[in-house]
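I went through the coordinates one item at a time and wrote down what I looked up. The entries follow in that order.

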Amino acid sequence: MTGVQTSCPNCGATIEFRWAQAVQTTCEYCRSVLVRHDLDLTKVGTSTVVPLTPSPIQLGTEGRWHDRDFVVVGRLVYRWERGGWSEWHCRFSDDTSGWLSDAQADYVMSRPATPDRPLPSSDDVSPGDTFPHGGERFVLASITMASYVGTEGELPFAYAPSGLVPFADARSTAGNFATIDYSETPPLLFVGEPVELRQLELRNLRTFEGW
Amino acid sequence: MTSVQARGLNCPNCGAAIQLRSFQFAASVVCDSCLATLDASDANVAVLQTFEKTMARARPLIPLGSRGTWKGDPWDVIGFQVRQITVDGINYRWQEYLLFNPFRGFRYLSEYDGHWNDIIAVRGIPEGGSVSGHPTATWRDTTFKLFQTSSATTVFALGEFPWMLNVGDVVTVKDHVAPPFLLSAEETDEEVTWSLGEYVSGERIRAAFKVTEPFPSARGTFANQPNPLAGTPARYWQAFVMLAVALLVLVGLRLGTAGGRLASAVDGVFHPGVATDKAPFVTDPFTLAGPTSNVVITSSATVDGSWLFVGMTLVNDSTGQVIDVGREVSYYHGVDEGESWSEGSRSDDVRLGAVPAGRWFMRIELDGPDAGRDIDWRIEVRRDQPGLIWWFAAFVLLIVPPVIVSLRSAAFETTRWAESDFAPASSDDSDDSSSSDSDD
């Protein structure tokens, strides 16, 4: 999974991929956002300094979820009116991606899902609305206007900043989570479950002074 | 990578140094010196709110910065707020402590009148419903009954919060109870968040966070305080049923064996029309042993459409005490207009109470019809026959404990619900009568 090396076209620093198929990465040194074409990298922008979110997760953290090993290879950071959250890009041993959402120590592991039926449009959703998916009834808990503020590491797509975007968070009565991401049309659906860090058998966590 | 460093800032309002305990988790922080609320989420620390003196500075029972081991993990106390609800013009205030662990996130402790709850966020949506008309919320197979809907205002805060706290923030709180648990929904215009509290003793918390000063002792009954007799009435009634069955079996056995010890028996034949059979005679002396107790005399006779009168005088051989008793054994039966009937019995029991021990004999005098068939008779004297009254008393004694615990358990539930939106309209609590119709 590791070992693919190239260099930053902006500053020349060595870039080592944790995930060989990464489409986008960010140079750790000059914060250039780099989109990859085979081994050639093109600078498409510069990421702001990713605010040091207070997570024990970091690039390179390894864990296990539903009997599959994963490694954290990238991250998207979002900000909304009253705070921010991270979506950690996890590459699983079966070569799929998952996203570990990390909001103030609330964690949800989710995966992209194909909606059973078309999702409600962004100007037609409000908390309390319901939609079915996978035999469960999801209830919209909140709609958050958020913007993408930074990136780190490797992503499976070239992320284009798009200003304030609605995110609708839903929960099922069985306790599962879903997020409708309105950054694209049609909207994207992610379905997952709340997790506690201790369930994920994490290794290579960040350390905290005094803890 | 290097360890995440602790972070400090200076209050832009008063200049005091503030050490952040929750690293970059802190979104807002209340300055300990000037009580201004600050935006801790960016480097330029803006003052969100200066302190308006609406209440005296509150002192947390657990000092901010205390670290304790709770439910197996270390936790720091990083935030403190006082929240208030107003019911019928009366303000009720409780305290909330925010606990933090960088690997475990957040949890809360709340205190009201010495009652404590350990609270975690519920990551899901409980299902609403109702049971016998009472609104409920069900979460993970437990059904909680709605206790109270109120409007809670943050009236004082200290320390750090992972959200933009403002003094004056108002949320609608719906508390649902299934003791020892409390399921609460906090609603704002934007979202509904659910939390699950568990009633815990203040002493456990005090020990966990090594607080030296005593906590206030609990007063009254709290919404989700476990009933100290929870489940006890059921256990008592189970025990009662088992003991009552055992008692019935014993009664049956005792009655089945006719009970008591045979002290004397005498029998003979009464020949109607034979004058000598009506002459009195005395029995052989017999001994009544043990302490003073009852004597049961059973007179039986093969009467059939006739009668036999048995006159008996118990005489104490040594003291001369005399006890007189006369009994009639009679039995009649027949068929009248196709219906069979019977009257009387071939056997008669008489109980004599408090007969002292000693040597006794009996003087017996029989009387009967002057014609008819011969009557075989037998008289038995039994000592210490158990009386049904004592069995009944035992039954009453058995039923007392379950009745008492049931009443006490119900009384506890009454005091619990008296504080809710669902207090029964009681005659001695007239100020409660309006609580259910105005909770805005």
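**Entry 1: Ser22(B).** I located Ser22(B) in the loop of chain B that runs between strand S2 (17-20) and strand S3 (28-30). Is Ser22(B) buried or exposed? I counted 27 other C-beta atoms within 10 Å of Ser22(B); the cut-off for buried is 20 or more, so Ser22(B) is buried. I then listed its contacts, leaving aside neighbours within four places in sequence: Ile78(B), Phe100(B), Glu160(B) and Pro162(B) in its own chain, and Pro54(A) in the other. I also took one distance across chain B: Ser22(B) and Arg383(B) are 361 residues apart in sequence, and their C-alpha atoms are 85 Å apart in space.

**Entry 2: strand S13 of chain B.** One of the contacts of Ser22(B) is Glu160(B), and Glu160(B) is the bridge partner, in S13(B), of Val29(B). I followed that strand next. S3(B) pairs with strand S13 (residues 142-161) of chain B over three bridges, in the antiparallel sense. Strand S7 (residues 73-87) of chain B also runs antiparallel to S13(B), with six bridges joining the two. In that pair I noted Phe80(B) opposite Leu158(B).

Which strand is joined to S13(B) by four bridges? That is strand S12 (residues 134-139) of chain B, again antiparallel. Trp139(B) stands opposite Thr142(B) there. S12(B) and S13(B) form a hairpin with two residues between the strands, and Arg140(B) in this hairpin has a positive phi near 50°.

The pairing of S13(B) with strand S14 (residues 170-178) of chain B is antiparallel and counts eight bridges. Gln148(B) has Asp175(B) as its bridge partner in S14(B). As a reminder to myself, strands of a sheet pair through backbone hydrogen bonds, either parallel or antiparallel.

**Entry 3: a four-strand sheet in chain B.** I looked up an open sheet of chain B with the strand order S17-S26-S20-S24 and antiparallel pairing. Its edges are strand S17 (261-270) and strand S24 (347-355) of chain B, each of which pairs on one side only. On average, neighbouring strands of this sheet are turned by 15° against each other, direction ignored. Strand S20 (residues 293-301) of chain B is joined to S24(B) by seven bridges, and Ser293(B) has Val355(B) as its bridge partner in S24(B).

**Entry 4: chain A as a whole.** I found zero helices and 15 strands in chain A. The radius of gyration of chain A is 17 Å and the globule rule gives 17 Å for 211 residues, so chain A is as compact as a globular protein of that length. Along the principal axes, its C-alpha atoms fill a box of roughly 50 × 35 × 35 Å. Of the 211 residues in chain A, 37% are buried. Among contacts in chain A with a separation of 6 or more, 49% are between residues 24 or more positions apart.

**Entry 5: a three-strand sheet in chain A.** The order of this open sheet is S3-S4-S5 in chain A, with antiparallel pairing. Strand S3 (24-26) and S5 of chain A are the edge strands. Neighbouring strands here are turned by 30° against each other on average, direction ignored. Strand S4 (residues 32-37) of chain A pairs with S5(A) over six bridges, with His37(A) partnered by Asp40(A).

**Entry 6: the contact between the chains.** How many residues does each chain give to the contact? Chain A gives 25 residues and chain B gives 25 residues. On the side of chain A, the largest share is three residues from strand S12 (residues 136-153) of chain A. By class, that side has eleven nonpolar, nine polar and five charged residues.

**Entry 7: confidence.** The model scores ipTM 0.73 and pTM 0.70. Chain A has a mean pLDDT of 86, with 93% of its residues at 70 or more. Within chain A, confidence is lowest in strand S5 (residues 40-46), at a mean of 77, and highest in strand S6 (residues 62-65), at 96. Chain B averages 88, with 93% of the residues scoring at least 70. Residues 427-440 of chain B have a pLDDT below 50, and this stretch has 15 contacts in the model beyond near neighbours in sequence. Where pLDDT is low, the predicted coordinates should not be read in detail.

Methods: Residues are numbered from 1 along each chain as its sequence is written. Chains are lettered from A and ligands numbered from 1 in the order in which they are written. This is a predicted model: local features need pLDDT of at least 70, side-chain atom pairs count only at pLDDT 80 or more; totals for chains, interfaces and linings use all residues. Two residues are in contact if their C-beta atoms, placed from the backbone, lie within 7 Å. Ala, Val, Leu, Ile, Met, Phe, Trp, Tyr, Cys and Pro count as nonpolar, Asp, Glu, Lys and Arg as charged, and the others, Gly among them, as polar. Two strands pair if DSSP finds at least two bridges between them. Axes are lines fitted to C-alpha atoms, for helices over the stretch in contact, and angles run from 0 to 180 degrees between N-to-C directions. pLDDT is the predictor's confidence in each residue, from 0 to 100. The radius of gyration is taken over C-alpha atoms; the globule rule is 2.2 Å times the number of residues to the power 0.38. A residue is buried if 20 or more other C-beta atoms lie within 10 Å of its own, exposed if 12 or fewer, and partly exposed in between; C-beta atoms are placed from the backbone.
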